[in-house]
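Please keep the sequence and the structure in view while reading.

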Amino acid sequence: MSLVAIDPITRIEGHLKVEIEVEGGVIVRARCSGALYRGLELILIGRHPLDAQKITQRICGVCPLAHSTAASLCLDDALGLAPPRNGQLLRNLIYGANFLHNHILHFYHLALPDYLDPSTLEGRLAPLGGLLAPGDGAGDRRFSPEENGRLLEHYVEALVMRRKAQELVALFGGKMPHDMAIVPGGVTCRPSLGDVAAFRFRLRELASFIEGTYIPDLLLVAKRYGDHFQLGKVGRLLSFGCFPLEGERLFPAGVWQGGEVKPVNADELREGVYSSWYRGEGDSHPREEEAPPDPDKARAYSWIKSPRYQGEAFEVGPAARVAVGLKLGPPGLREAAEGLLSQAGVNPQALSSVMGRHLARGIEALFLIRAMEDWLSQLDLAGPVAVPYSLPQEAEGQGLVDAPRGALGHWIRIRDRKIAHYQVIAPTTWNACPRDEAGRPGPIEQALEGTKVAGDGLLEAGRIVRSFDPCLACAVQ
Ligand code: NFE
């Protein structure tokens, strides 16, 4: 038996340690450990409730718009606010740009180097070869030198596309990271006709890249690595849905198990700390949760807590959104999903896998960019963008929305017009959580355990872990 610790896993956000035990060519046990503590939930206590929306964005520089949106929905709920249609459209356009940025970043810059062979590069791209040279876990490279070169050209082009997506956030949101426009009650921005034209122009450029480059590259990887639809499977999927407009969500909420989809009941969420460095034993609803840090807790092995729904661990993220969307989503989402699944030659059961997660991100990008073009054309430049708020003495609220990496929840309790309690459960808290009291592993641990490996397991473990696109800053908050 061999025990390997990958610490830290590279090409993800933050510090994640993964330990794998390999016996007889199989990963028999895996442990995922979040190796940093943040404490933003504690920093919020005693502050003005509206500070939550600004401060929780600072949880992360990659998905700040997800926290901006979740905190605004949470405060909308606590303060009884219903943003006008224009405010909803503008929130979705700003957040949508950040969503697209995340998916392009993940495919080209975080995941693709696991599949490329940079040693075959020539000409102006040759210096990239040294930068991207695979270290531990090299091998199983299946592209021809010509394909490698083309994919690496696109790797460079994707950097420019990410800049354009960030510019979209800044055009309506004021700046990136950490937008200034999304607030409880709506948005603070009133785009001019010129802003809308600048937004439309960049959106079109991004749409051309997604349709003409990202999706063909993704299908090439999916075909060449078709066996990765069987790698890193989990199978229990949960989504809060995202991009609300007049009570409907573009990506609907749902719990997917064995092909069946059920509604999410947020009262059945719990967060446990059995294997985490926090004081306490059992689990509790995030509305009531009190778990101060306890770095000396003997059996703990992670700063990430263990979220559970109806007592079970759930994978969250693109696979969950697309699996739920195939049942409950609008026709455009179902068409995009069915089209790409059939081109890849797989069915929806394959979504919860290494290649299924990559494919699901492509499906989302394709569908979302079309929805954004439609939202942009619906803007009423003279219409209201927000409703006024007044701060109650006491209130409670919850904001549930899907971030690019999966289900994100914010919960607030207000007392004496100040924050008395604030709790966040982020997507990577779900995916990279440690074992619970019953010994049930977290989704990434589950995806790793039982995997057949060729050598020490580093290659397979890296590909499996990165397919979840973990963000440790969010996971520990
Ligand atoms: Ni820091 Fe995030 C997303 C959130 S992941 S990137 O997507 O919330 O836990």
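Cys-63 lies in the loop between α2 (51–55) and α3 (64–79), where helices (H or I, at least four residues) and strands (E, at least two) are DSSP runs, numbered from the N terminus. This is a predicted model, in which local features need pLDDT of at least 70 and side-chain atom pairs count only at pLDDT 80 or more, while totals for chains, interfaces and linings use all residues. Residues are numbered from 1 along each chain as its sequence is written, and side-chain values use heavy atoms, with hydrogens and water left out.

## The metal atoms

Cys-63, through its SG atom at 2.4 Å, is the only protein donor of the iron atom of the ligand; donors are N, O and S atoms within 2.8 Å of the metal (3.2 Å for Na, K and Ca), and water is not among the atoms, so sites may look incomplete. The iron atom of the ligand is 3.2 Å from the nickel atom of the ligand.

The nickel atom of the ligand has as its protein donors the SG atoms of Cys-60, Cys-471 and Cys-474, which lie 2.2 to 2.3 Å from it. Along the chain, these donors follow the spacing C-x410-C-x2-C. The site of the nickel atom is tetrahedral, with angles of 105 to 112 degrees among its 4 donor atoms; four donors count as tetrahedral if all angles lie between 85 and 135 degrees. Two of these cysteines can also be described by their accessibility: Cys-471 counts as buried because its relative accessibility is 2%, and Cys-474 counts as buried because its relative accessibility is 3%. Here buried means under 20% relative accessible area, exposed means over 50%, and partly exposed lies in between (1.4 Å probe, protein chains only).

## The shell around the ligand

The ligand is surrounded by Cys-60, Cys-63, His-67, Ala-403, Pro-404, Arg-405, Leu-408, Ala-426, Pro-427, Thr-428, Cys-471 and Cys-474, where a residue is near a molecule if one of its heavy atoms lies within 4 Å of it. By class, this shell has 9 nonpolar, 2 polar and 1 charged residues; Ala, Val, Leu, Ile, Met, Phe, Trp, Tyr, Cys and Pro count as nonpolar, Asp, Glu, Lys and Arg as charged, and the others, Gly among them, as polar.

| Residue | Protein atom | Distance to a ligand oxygen atom |
|---|---|---|
| His-67 | N or O atom in the side chain | 3.2 Å |
| Pro-404 | polar backbone atom | 3.3 Å |
| Pro-427 | polar backbone atom | 3.4 Å |

His-67 has its place in helix α3, and it counts as buried because its relative accessibility is 1%. The side chain of His-67 also makes a polar contact of 3.1 Å with the side chain of His-410; a polar contact is a pair of N or O atoms within 3.5 Å, and within protein one must be able to donate a hydrogen and the other to accept it, while residues adjacent in sequence count only if both atoms are side-chain atoms.

## The chain as a whole

The chain has 14 helices and 17 strands. Its radius of gyration is 22 Å, close to the 23 Å that the globule rule gives for 477 residues, so the chain is as compact as a globular protein of that length; the radius is taken over C-alpha atoms, and the rule is 2.2 Å times the number of residues to the power 0.38. Along its principal axes, the C-alpha trace spans about 60 × 55 × 40 Å, and buried residues make up 61% of the 477 residues.

## Backbone details

Most residues other than glycine have a negative phi, and most peptide bonds are trans. The peptide bond from Asp-7 to Pro-8 is cis, with omega near 0 degrees, and Pro-8 is found in the loop between β1 (2–6) and β2 (16–23). The peptide bond from Met-176 to Pro-177 is likewise cis, with omega near 0 degrees, and Pro-177 lies in the loop between α6 (145–173) and β4 (182–183).

Glu-246, a residue other than glycine, has a positive phi near 50 degrees and is found in the loop between β7 (242–245) and β8 (248–251). Arg-417, which is not a glycine, has a positive phi of about 60 degrees and lies in the loop between β16 (406–415) and β17 (418–425).

Note on methods: Four donors count as tetrahedral if all angles lie between 85 and 135 degrees; four count as square planar and six as octahedral if opposite donors are over 155 degrees apart and all others between 65 and 115; anything else is irregular.
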